Each structure stands twice: as C-alpha cells, then as structure tokens.
Amino acid sequence: MYKNFVKRIIDLLIALLVLLITLPLILLAFIVLFFANQGSPFFVQKRPGKGGRIFNIIKFKTMNDAKDKNGHLLPDAARLTAVGKLIRKMSIDELPQLINVLKGDMSLIGPRPLLTEYLPLYSEFQMRRHEVKPGITGWSQVNGRNALSWLERFEMDVWYVDHISFALDLRIIFITILKVVKSDGISGEGTQTMEKFKGN
C-alpha cells in the first residue's frame, strides 16, 4: 500500500510545498546560471526510472561543455564551474527534480537515477534498484553519497528496495536535511563528482 498510493500522495504534497518554499532560491539560481552558462541554466538528460523506463531528468547545469583537442568532453571534475561547485555544495542543483516528482517520473526517496549507459553493466542483483521509482535522495545518499564505492552504493540501493517504509523514508528525509546543512558526503575523497561505473 505505502509503495504506491500513499507514497505518491506524500511525494506530491511535499514536492509542491518545497517548490513554494524554495521558489526564490530557484529563481536566483536560474538567473545566476543563465549568465554563468551563457543562456543554459538547466541540464536535461535521459535516465532510467522504475522498470528501466527512460525519462528526462531535470537539474541545474553546474558543468560547462569544455572538450579536449579530439572533441571529447573533459572529465566532470574539469568541467565543474565555480558557480556550479557552490550550487552543488548547497544541493540546489537537485531542486528542479521536484518537477520530475510531480510528473511521476521520480519519488522524493529512492535510488538515484544513474546513466542509461550503465544498464548493460548491472548484475541481476544491482538491476533490482529499478524495482522502485528513483529518488532525489535515498539510503545510499545519506550513508556516504559520492564517497561510497559503487558496490556499496548498489548494496544500499537494493537494501532500500527490500525495506521501503514510511518510517524509513522519514528517517532519510531527516538525515538528508542535516547533510545538506552540513554539506556532508557531497564528493569522494580527492574528487568533485562520482567516478563512472565501469562494471563489476
């Protein structure tokens, strides 16, 4: 019951409330990034959701499009802008995903939606993370986020799938708020973004 109807109602109510509360912050970030990125404040990318269904995730754009001499994008850490680094530190870049929650693509709580290119690399166990809707925050996010190894992250994602409950979601929301305030667990040691998953 909770996994479906009740969780969806809670997602809608909280997403609307947070959107209203953070609207001035969202508008400010939009204006700053509009000029910093020369007209591109948003980053839209296809991600796999529940059951592997592809949707367009919406985030604030925190990296530029710098490329090497061969025309390939530079590593994420090299493209993260000064403004983008600050916005990531405050987790403001995640706020546009509230639109994804309202649309039903995502939930507030769940495994983070990763890159579509990772789908063929998952083991059967790791693929279980797609049994629920992806979330803006989740169990692995409040237990290390980018500081975790990929294997640890997948284990926590599947653990959440097996233990999903209203009480657990409340706990995750509470810890998420504390971590956002403290800017805790944003990056792994010596990195600004999570290294790409290359398979098991």
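These entries take the helix, then the patch, then the salt bridges.

**Entry: helix H6.** I worked on a predicted model. I checked the length of H6, residues 150-163, against 1.5 Å a residue. Its 14 residues should span 20 Å, and the end C-alpha atoms are 20 Å apart, so the two agree. Next I listed the buried residues of H6: Trp150, Arg153, Phe154, Asp157, Val158, Tyr160 and Val161. They cover an arc of only 150° around the axis, so they lie on the same side of H6. I then looked up what covers them, and found helix H1 (2-36), strand S3 (107-109), helix H5 (124-127) and helix H7 (166-182) among the elements.

**Entry: nonpolar patch.** I found Phe30, Ile31, Phe34, Phe35, Phe42 and Val44 together in a nonpolar surface patch of about 590 Å² accessible area. H1 and strand S1 (42-48) each give two or more residues to the patch. H1 gives the most, with four. I looked up Phe35 in H1. Phe35 counts as exposed because its relative accessible area is 63%, over the 50% cut-off.

**Entry: salt bridges.** I counted ten. Lys7 pairs with Asp169, with the closest N and O atoms 2.6 Å apart. This pair joins helix H1 to helix H7, 162 residues apart in the chain. Both Lys7 and Asp169 are buried.

I also noted Lys103 with Asp105, at 3.6 Å from N to O. Here Lys103 is exposed at 55%, whereas Asp105 is buried at 9%. Last, I noted a salt-bridge network that links Lys59, Asp93, Glu94 and Arg112.

Notes: Residues numbered from 1 in each chain as written. Predicted model: local features only at pLDDT ≥ 70, side-chain atom pairs only at ≥ 80, totals over all residues. Heavy atoms only, no water. Expected span 1.5 Å × (residues − 1). Buried < 20%, exposed > 50% of the residue type's maximum accessible area, 1.4 Å probe, protein only. Arc of directions from axis to C-beta. Contact = heavy atoms within 4.5 Å. Patch = residues over 30% accessible without salt bridge, like charges linked within 9 Å, V, L, I, M, F, W, Y side chains within 5 Å. Areas by Shrake-Rupley, 256 points an atom, 1.4 Å probe, with all protein chains shown as cover. Salt bridge = Lys/Arg side-chain N within 4 Å of Asp/Glu carboxyl O.
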